[in-house]
Amino acid sequence: MKIVKMEAFGVRVPLVPERHMITSLGQHTVSEYVLVRVLTDDGIEGAGEATVSPRWSGETVWGCLALIDRILAPAVIGCDPHNIAEIDSRMDKSCQMNWFAKSAIEMACWDIQGKAAGKPVYELLGGPHRHLTIRSRYSMGAYDVDRAKRRAAELIHEGFRTIKVKVGLDPKTDVERVRGVRETIGPEVDLMIDANCGWTADVAIDCLRQLADCRLTFVEQPTPDGDYAAMARVRRETGCKILADDICFDLVHAQELIRNECCDAISLYPGKNGGIRKACLIADYAEKHGIPCSIGSNLELDVGTAAMGHFVLGSRNMKVEDIPGDLLGPAYHEFSIVKNPLDIKGPLTTVPDRPGLGIEVDWDLVRKHPVP
Ligand SMILES: [Mg+2]
């Protein structure tokens, strides 16, 4: 089987207002992503999604479309979609970074493989290692204290058992927001925070000391990208459990995190890590060093979220039972661009057991919602 053609489309889907995301990186109120359609010589096609975000990974819709058309598609057309290592190698030789663009093509190849074999992608990865229905945490934006408390009460009512609150903006308000949410949800519900690189080590240590009585189960990415020493210091001096996220795109980053004793767990997902295969390699490496992993998110639509779900089921070290992650992206959006949306009820997402990623993109609908 050979890849013969690739098409890429920009797509624009607004978020529902009560789920607008506010982080130290800014506001996310509308998703402008790229969907990729990979066609093969025997008629099987696959779909992939690049959740590009200029503020998160530096990738844009327009750059991603040009990169796929002009660089990545020419590099992999003619390859067998079963040979993911070769496809990764060709993409990596043709351009640096651009993790999300590469992952869209890679997940489409897994989709094709699964459809050809009549098996869901998690089976191709050696799974399922856990139940197909996965419980997520809820990731709440850095709202003002009153809105955060109101939202937290709603989330408990919807059945969430773990809430993650965004911080990393103004330290004083950050502390008040987290404390307000803890007071609202009571002592039993698990509470995590995520600074998205927004604090320095000094600010993080100060805030975490003030929040010492709030029983934070994990502190995600408190310090800047690339600063392994800062993250290790926060972990050492506060004793908090640290979840690395925005600092870990590839295997070398994971090696540095572990070598420098920066974290207790690593957040992974196919988009950020350049594809399902590469995310699996990082999870396996972390497992050998006793570090569990969980699933992170960039608010994916159905295709990207399905790829994440298959990865969670296919990798033994994706310990979402102990460290709930994010598989709720489609629920943040006003509409779905697929014919068979993922089954998401409150905190529970069920990964499809259909062949491939188990998702059928409505390409006509995608064309109706282009990025201007
Ligand atoms: Mg994060």
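Reader: How many of the 5 residues in strand β10 are buried?
Author: This is a predicted model: local features need pLDDT of at least 70, side-chain atom pairs count only at pLDDT 80 or more, and totals for chains, interfaces and linings use all residues. Residues are numbered from 1 along each chain as its sequence is written. Buried means that 20 or more other C-beta atoms, placed from the backbone, lie within 10 Å of the residue's own. Strand β10 (residues 216-220) is mostly covered, strands being DSSP runs of E with at least two residues, numbered from the N terminus, and its buried residues number 4.

Reader: Which residue in β10 stands opposite Asp194?
Author: Strand β9 (residues 190-194) runs parallel to β10, and 4 bridges join them; strands pair if DSSP finds at least two bridges between them. Opposite Asp194 stands Glu220.

Reader: Which residue in β11 stands opposite Glu220?
Author: β10 and strand β11 (residues 242-244) run parallel and are joined by 2 bridges. In β11, the residue opposite Glu220 is Leu243.

Reader: Which helix makes a right-handed β-α-β unit with β10 and β11?
Author: A crossover is right-handed if, with the strands pointing away from the viewer, the path from the first strand over the helix to the second runs clockwise. β9, helix α7 (residues 201-210; a helix is a DSSP run of H or I, at least four residues) and β10 make one such unit. Between β10 and β11, the helix (residues 228-238) is α8.

Reader: What order do the 3 strands of the open sheet have?
Author: The edge strands, each pairing on one side only, are β1 (3-14) and β5 (45-50). Antiparallel to β1 runs β4 (residues 30-40), with 11 bridges between them, and Ala8 stands opposite Val36 in β4. The pairing in this sheet is antiparallel, and the order is β1-β4-β5.

Note on methods: A residue is buried if 20 or more other C-beta atoms lie within 10 Å of its own, exposed if 12 or fewer, and partly exposed in between; C-beta atoms are placed from the backbone.
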